[in-house]
Amino acid sequence: MPRPTPRWSLNVTASKGAALDAATPIPCPEDAQPSWPPVAVPGEPAESRPDPAQPSEGEQVLSDLRAQFRRYVVLPNEDARTAVTLWVAATHLQTAWQHAPRLAVVGPAKRCGKSRLLDVVTETVHDPLITVNASPAAVFRSITENPPTLLVDEADTLFGSAKAAEKNEEMRGLLNAGHQRNRPTLRVSGPNHEVSKFPTFAMAALAGIGELPDTIMDRSVVIRMRRRRPGEKVAEFRTVRDTPALHALRDRLVAWLAPLHAIAMDLTPPMPVEDRAADTWEPLIAVADLAGGPWPEAARAACLAMTKHEAEQDQDNSALNIRLLADVRRVFAAEGNPAIIRTSRLIDSLNEDAESPWPGYSDKGLTARGLQILLKDYGIGSANRRFPDGHQAKGFTRLQFTDAWARYCPEPEPTAEPESTTGA
């Protein structure tokens with residue numbers, strides 16, 4: 001007697017316009033659907049209905065992976081732990097996604113756990129490719145149609161200063177292009193100098209001190225690390241001792257996700273955010289929907305909270321630029337509103353204000369290079385000027401700032417004095 005083989009499809013339905021119900025199997029819409037229990041076959045054990053109380057393999061392996069991050073790293077909150085877990089899982093379905101989100105692991109100082117987090121990520125992602133001191137040419141030649149996961153530690157050495165960022169502009173361009181599918185880089189190669197296309201699409205994790213370039217942060221799930229407080233304990237990580245357990249988790253992720261590749265390609269999960277944030281978070285949300293259980297709700301909550309925080313950070317950065325304009329106007333006023341001011345004098349005056357952000361802007365306070373970068377978006381730059389004493393030096397004119405002051409930080413109009421109603 002032939003044995004009927006049940007066929008199943010994934011049921012992913014919208015709930016309240018944002019979150020998805022747990023991913024549960026439903027029968028395919030066919031004329032002859034299998035029934036439970038299946039027809040017993042003599043000599044073979046009877047199949048039983050799946051227990052809805054038991055977590056699915058996807059739900060369980062994600063929970064086990066999240067427990068490993070909790071074991072070795074103090075992450076800022078549960079949302080960050082959820083995000084890192086889903087990002088790692090998403091690397092095992094890279095070829096199913098339209099976008100390859102970056103994982104930006106940043107902190108304000110050393111010993112915030114960035115490298116330790118990257119250690120655990122390295123042992124659990126798909127085909128890790130560590131790119132410390134690698135040239136852009138070597139990196140994009142390592143990216144294939146089944147891309148590795150790029151891992152960049154100490155990314156601040158690449159982008160932490162204006163000089164370093166300028167030197168590594170090609171790497172930044174590669175990381176930006178690789179966020180979206182079908183954005184190859186072109187190179188002339190071979191004895192015939194033929195133009196060759198090299199794919200750039202690959203998920204990437206970058207860890208470093210301070211902010212990464214805005215274009216990379218905008219394409220990233222951002223994890224803002226902090227130093228551990230007294231009493232916050234984590235297990236020591238030893239490569240030889242601890243990686244086998246992490247590799248076992250990695251293998252479980254592969255076993256769970258590989259059969260779901262075609263389903264993942266067709267998923268269009270409802271997103272709680274829009275535009276670039278939705279592109280970046282969609283693979284993580286899709287993995288959560290494939291797992292079911294509490295993961296769809298947790299993923300969307302993390303997405304909302306973390307993207308909102310980054311939007312506030314962007315506003316803070318914009319506020320810093322506007323604060324600079326206002327402080328430059330204050331310096332001009334303190335100097336008697338001259339037509340021209342030396343760059344060195346302007347910087348010294350800004351750094352002398354202990355309550356402003358400028359003395360702590362870098363190890364040397366606000367520098368001429370830093371000032372130039374902050375004013376670049378306003379079209380303002382220093383140049384050689386001739387001063388009233390006959391000397392030439394780098395400086396700014398007051399006229400350069402008047403348009404920006406009027407647009408971004410206009411001075412409040414003076415209120416008119418109320419007319420006296422008493423007789424003269």
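# Close-up views of a predicted model

Figure 1. Apart from neighbours within four places in sequence, T131 is in contact with V139, L150, L151 and V152. In this predicted model, T131 belongs to the loop between β6 (128–130) and α4 (136–140). Although T131 is a loop residue, T131 counts as buried, because its relative accessible area is 5%, under the 20% that sets the limit for buried residues.

Figure 2. The protein chain contains 15 helices and 14 strands, and of its 424 residues, 39% are buried. Among the contacts in the protein chain with a separation of 6 or more, 67% are between residues 24 or more positions apart.

**Figure 3. I223 and the largest nonpolar core.** The largest nonpolar core has 60 residues, and L117, I223 and W256 are those with the most contacts inside it. Helix α11 gives the largest share of this core, with nine residues. I223 sits in strand β11 (residues 220–224) and is buried, with a relative accessible area of 0%. When neighbours within four places in sequence are left aside, the residues in contact with I223 include L75, P76, A80, A83 and V84, and also L103, A104, V105, V106, L117 and M306. One of these contacts, V106, is 117 residues from I223 in sequence, while the two are 6.3 Å apart in space, C-alpha to C-alpha.

**Figure 4. Helix α9 and what covers its buried residues.** Helix α9 (residues 239–257) has 19 residues, and from its first C-alpha to its last the helix reaches 26 Å, which is close to the 27 Å expected at 1.5 Å a residue. The buried residues of α9 are D242, T243, L246, L249, L253, W256 and L257. Their cover includes α1 (57–72), α2 (78–90) and α3 (114–122), and it also includes α10 (261–266) and α11 (275–291). W256, which is one of the buried residues of α9, touches E57, G58, V61, L62, V287, L290 and A291, residues up to four places away in sequence not being counted.

Figure 5. Side chains of opposite charge can pair when their charged atoms come close. The structure holds 22 salt bridges, and one of them joins R252 to D64, with 2.9 Å between the closest N and O atoms. This pair links distant parts of the chain, since R252 is in helix α9 and D64 is in helix α1, 188 residues apart. R252 is partly exposed at 27% relative accessibility, and D64 is also partly exposed, with a relative accessible area of 24%.

Figure 6. The side chains of D327 and R330 form a salt bridge, at 4.0 Å from N to O. These two residues, D327 and R330, are three residues apart in helix α12 (residues 295–334), and therefore about one helical turn separates them. D327 is buried, because its relative accessible area is 7%, whereas R330 counts as partly exposed at 35% relative accessibility.

Figure 7. R407 and D403 are separated by about one helical turn, because they are four residues apart in helix α15 (residues 398–408). R407 counts as exposed, at 60% relative accessibility, and D403 is partly exposed, with a relative accessible area of 44%.

**Figure 8. A nonpolar patch on the surface.** Together, L186, V188 and V195 form a nonpolar patch on the surface, with about 300 Å² of accessible area. One of these residues, V188, lies in strand β8 (residues 185–189), and V188 counts as exposed because its relative accessibility is 53%, which is over the 50% limit for exposed residues.

Terms used
Residues numbered from 1 in each chain as written. Predicted model: local features only at pLDDT ≥ 70, side-chain atom pairs only at ≥ 80, totals over all residues. Heavy atoms only, no water. Patch = residues over 30% accessible without salt bridge, like charges linked within 9 Å, V, L, I, M, F, W, Y side chains within 5 Å. Areas by Shrake-Rupley, 256 points an atom, 1.4 Å probe, with all protein chains shown as cover. Buried < 20%, exposed > 50% of the residue type's maximum accessible area, 1.4 Å probe, protein only. Expected span 1.5 Å × (residues − 1). Contact = heavy atoms within 4.5 Å. Core = buried A, V, L, I, M, F, W, Y, C linked by side-chain atoms within 4.5 Å.
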